Amino acid sequence: MNKPTSPAALRVIESDICIVGNGAIAKTAALGLAQAGLSVTLLGPPPPMPPAADQGWDARVYALNHTAHRLLSSLRVWDALDHARVAPVGAMIVQGDGPRAGGLAFDAYGAHANTLTWILEDRNLNQALDAALRFAQNVKMVSGRATGLLRAADSASVHLDDGSSIRAALVVGADGAQSWVRGQCDIGLDYRSYNQRAVVSNFECERPHHGAAYQWFTGADGIVALLPLPGNKVSLVWSAPEQLADTLRAESAQQIADRLAIYAREKLGALTPLQPELVRDFPLRLMRPHSMIAPRVALVGDAAHVVHPLAGHGMNLGFADVAQLVRTLSEREPHRSIGDDRVLARYERARKEDVLLMQLTTDGLARLFETDIEPLRVVRNFGLNLLDKLPVLKRRLISHAMGK
């Protein structure tokens with residue numbers, strides 16, 4: 001069984017790959033690369049305290065697509081999830097703003113699939129990954145704080161605050177939007193705040209949601225999404241302008257539920273907070289690092305790209321990064337190291353189109369729907385209605401979003 005190791009007992013830890021990070025993407029990368037036959041050291045902070053028995057519903061949820069599903073299934077993580085807390089999404093209904101609001105609807109039948117996506121909690125996903133890591137072959141988990149990254153022609157070394165180090169042929173930065181690894185490599189970054197925060201909470205709905213996800217582009221009030229949870233429950237992700245976000249965070253969950261009635265009452269009836277005290281928020285920004293690689297380094301997940309959550313695909317981009325990195329390293333020529341510049345360049349090229357398309361799409365939609373000008377409102381609502389009447393284009397769009 002794998003247990004986090006204090007690095008003080010191991011002055012130099014040798015492995016093929018050192019992964020820096022402790023989130024779901026870092027853990028998935030460790031499992032995937034180890035399954036590919038590589039030895040992995042996963043460096044993260046000390047493990048958290050064991051969770052309480054009665055945890056309620058986690059406010060942070062993800063909409064995982066088929067790419068994520070395939071990857072987690074191949075690692076035997078998907079079957080380890082608590083499926084009583086996973087909600088398949090069979091339909092997605094998007095509504096425009098104003099008196100002549102446009103609309104767009106997707107469903108699994110039209111996409112020739114059983115499910116469009118799956119909604120699950122951050123806690124559920126991480127518990128399944130932690131369980132898999134405890135018994136994973138070729139994975140060593142180390143608790144500590146990185147203080148320096150030195151790269152040589154044939155290896156890289158991550159130095160820790162107790163004087164020990166991890167030496168590997170490749171360092172993978174899976175340490176989030178404020179990536180320490182990326183900073184050590186002096187990779188440039190384009191950054192823009194959306195001046196919005198995502199306000200999240202969970203509610204019981206009066207009427208069944210039938211596995212449908214709802215999204216309203218409201219104009220001045222941002223973007224409201226209600227994602228299905230098992231039973232008659234939904235998870236709110238409200239991408240709200242800063243001033244409105246401040247107001248929402250000062251209100252109770254019941255007051256937020258009352259605000260949502262204008263959007264949700266017709267479809268879902270009255271909303272009741274599941275945990276009145278559980279309202280969270282996080283800032284929304286666009287982050288585009290100038291490269292996903294550096295000598296002996298590859299970035300994955302939010303370390304490599306941060307997008308607006310309106311399409312719910314930030315986590316899916318990270319899982320696709322991991323799947324591609326595993327594939328690229330597995331398919332390299334026998335004489336090439338896993339940290340070879342040409343091998344890493346292949347990884348970056350393979351991810352470039354998918355990442356750029358998602359950045360352009362989410363950024364474009366966020367800009368388009370935040371502008372509260374009547375002529376533009378008419379045009380965007382017309383566009384939603386037109387797209388809804390073009391089944392071939394709709395199928396291509398949803399197929400890409402599903403990761404198929």
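A salt bridge is a side-chain nitrogen of Lys or Arg within 4 Å of a carboxyl oxygen of Asp or Glu. Side chains of opposite charge can pair when their charged atoms come close.

The model is predicted, so local features need pLDDT of at least 70 and side-chain atom pairs count only at pLDDT 80 or more, while totals for chains, interfaces and linings use all residues. Residues are numbered from 1 along each chain as its sequence is written, and side-chain values use heavy atoms, with hydrogens and water left out.

A search of the whole structure finds 15 salt bridges.

| Pair | N to O distance |
|---|---|
| Glu242 and Arg197 | 2.5 Å |
| Arg351 and Asp321 | 2.6 Å |
| Asp340 and Arg336 | 3.4 Å |

Helices (H or I, at least four residues) and strands (E, at least two) are DSSP runs, numbered from the N terminus. Arg351 is buried at 4% relative accessible area, and Asp321 is buried at 0%. Here buried means under 20% relative accessible area, exposed over 50%, and partly exposed in between (1.4 Å probe, protein chains only).

The side chains of Glu242 and Arg197 also meet in a salt bridge. This pair links distant parts of the chain, 45 residues apart: Glu242 is in helix α5 (residues 242–250) and Arg197 in strand β12 (residues 189–205). Glu242 is partly exposed at 29% relative accessibility, whereas Arg197 is buried at 13%. Both residues belong to a network of salt bridges that also includes Asp246, Arg249 and Asp281.

In the remaining pair of the table, Asp340 and Arg336 are both buried.
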